[in-house]
Amino acid sequence: MSTLDHEQVLIRTGPRSGLPVIVAVHSSTLGQAVGGCRLWRYADWQDGLTDALRLSAGMTAKCAVAGLDNGGGKTVVAMPEGLEFTPSLRRGVLDDVADIIASLGGLYATGPDVGTTPADMAVIGERTSHVFCRPAQQGGSGDSSPHTATGTLAALRAISRHIHGTPDLTDRRVAVVGLGSVGERIVRLLADEGAVLLLSDIDPAKRALSAELGAAWNHPDQALTADVDILVPAALGGVLTEQIVPRLRCAAIAGPANNQLATPAVADLLHGRGIAWVPDYVASAGGVIYALTVELHHGTPEDALTRVQAIENTVTDLLATTESTGTTLAQAAHELTRLRLRAAPHRPV
Ligand code: PHE
């Protein structure tokens, strides 16, 4: 039997929306569990449950490695394929989410994720205070995507220093797969730095961005296996499969998508091919670092940005650990997570 390593998982049919609302609290060992609210379509609601279980565990590791005094959780609202939100259904979903979070009494706080925005956080905030990233007018720190993008760029600099001896990304060949709110910001930052870009998204309309930036455009499958220095997965999870690893032609992978590995074994396969994979929970931590530093730990925006930029040092340290111990970056990050959790002062849940 596999073990449940989550503290609590709440599953409720939203009384207003009729949709499955899932809140997974993975760990509060380091403090209040945090993690975004994902509104997404699934073939089966239980796929949404699987997502919530994995994403919440990822948040525990994300916070631990980032040095935040917070644990990990996640909310998933599993929508059936083809469902489109009307304004009243969306309102009902957000009220359902807010009530379930309120019922946890502060054990867990949410934030934006795939399918939700700062405006949605403001709606949730009408029923519970345990929500991050409301718009600035409502007292929150607003959109977290720019900070997630900044953090990913910090990870790319560390990788570049490791491979090319300089953090400068000028002329680095970078493939970005997924041009959502974070992906688009990353490619704009990379274009400003003079990187050579190959862009891709399942939505062909995003090709306009590629034209605007003078970047090459490719189908996601081809972009994943392109001959580049760094691959940046910036869409949904599961793109790094056992089948794709032999076909990859990049030197390193670092991106903001959560749950990039289809199975944990893929990390070893990547290592075996000499491809440096920065664990997703390390490269994607910028948004949560910024929001929590400002909203929870009362840091200034400058403090928060400094902490986001420190992802570069974190990745550099992890790379040094792998060099000296021969382990993968995934193992090094996992070990760091374990040590931080073990060092936590015992708190009753
Ligand atoms: N979507 C964010 C992540 O995966 C979650 C989040 C952002 C939570 C900001 C709180 C604040 O890291």
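Colleague: What should I know about the model before reading its features?

Modeller: The model is predicted, so local features need pLDDT of at least 70 and side-chain atom pairs count only at pLDDT 80 or more, while totals for chains, interfaces and linings use all residues. Residues are numbered from 1 along each chain as its sequence is written, and side-chain values use heavy atoms, with hydrogens and water left out.

Colleague: How are two packed helices described, and at what angle do helix 10 and helix 11 pack?

Modeller: Two packed helices are described by the angle between their axes and the distance between the axes. Axes are lines fitted to C-alpha atoms, for helices over the stretch in contact, and angles run from 0 to 180 degrees between N-to-C directions; helices (H or I, at least four residues) and strands (E, at least two) are DSSP runs numbered from the N terminus. Here helix 10 (residues 286-295) packs on helix 11 (residues 301-309) at about 150°, with the axes 9 Å apart. The two helices are therefore roughly antiparallel, given that angles under 35 degrees count as roughly parallel, over 145 as roughly antiparallel, 65 to 115 as roughly perpendicular and the rest as oblique.

Colleague: Which residues of helix 10 and helix 11 meet?

Modeller: Contact means heavy atoms within 4.5 Å, and by that criterion Gly286, Ile289, Tyr290, Thr293 and Val294 of helix 10 meet Pro301, Asp303, Ala304, Leu305, Arg307 and Val308 of helix 11.

Colleague: How much of helix 10 is buried?

Modeller: Buried means under 20% relative accessible area, exposed over 50%, and partly exposed in between, with a 1.4 Å probe and protein chains only. Nine of the ten residues of helix 10 are buried, so this helix is largely enclosed by the rest of the structure. Its cover includes strand 3 (33-42), helix 1 (45-65), helix 4 (145-164), helix 11 and helix 12 (311-325).

Colleague: How do helix 12 and helix 13 pack, and which residues meet there?

Modeller: Helix 12 and helix 13 (residues 329-342) pack at about 115°, with their axes 9 Å apart, and they are therefore roughly perpendicular to each other. Leu318, Leu319, Thr321 and Thr322 of helix 12 meet Leu329, Ala332, Ala333 and Leu336 of helix 13.

Colleague: At what angle do helix 4 and helix 12 cross?

Modeller: The axes of helix 4 and helix 12 cross at roughly 40° and come within 7 Å. The contact brings together Gly151, Ala154, Ala155, Arg157, Ala158, Arg161 and His162 of helix 4 and Ile311, Glu312, Val315, Thr316, Leu319 and Glu323 of helix 12.

Colleague: Turning to the strands, is Ser200 buried or exposed, and what does its side chain reach?

Modeller: Ser200, in strand 7 (residues 196-200), counts as buried at 0% relative accessibility. Its side chain reaches the backbone oxygen of Asn218 at 3.0 Å; a polar contact is a pair of N or O atoms within 3.5 Å, where within protein one must be able to donate a hydrogen and the other to accept it, and residues adjacent in sequence count only if both atoms are side-chain atoms.

Colleague: Where is Thr110 found, and which backbone oxygen lies by its side chain?

Modeller: Thr110 is found in strand 5 (residues 108-112) and is buried, with a relative accessible area of 1%. A polar atom of the Thr110 side chain lies 3.1 Å from the backbone oxygen of Gly35. The C-alpha atoms of Thr110 and Lys74, 36 residues apart along the chain, are separated by 7.2 Å.
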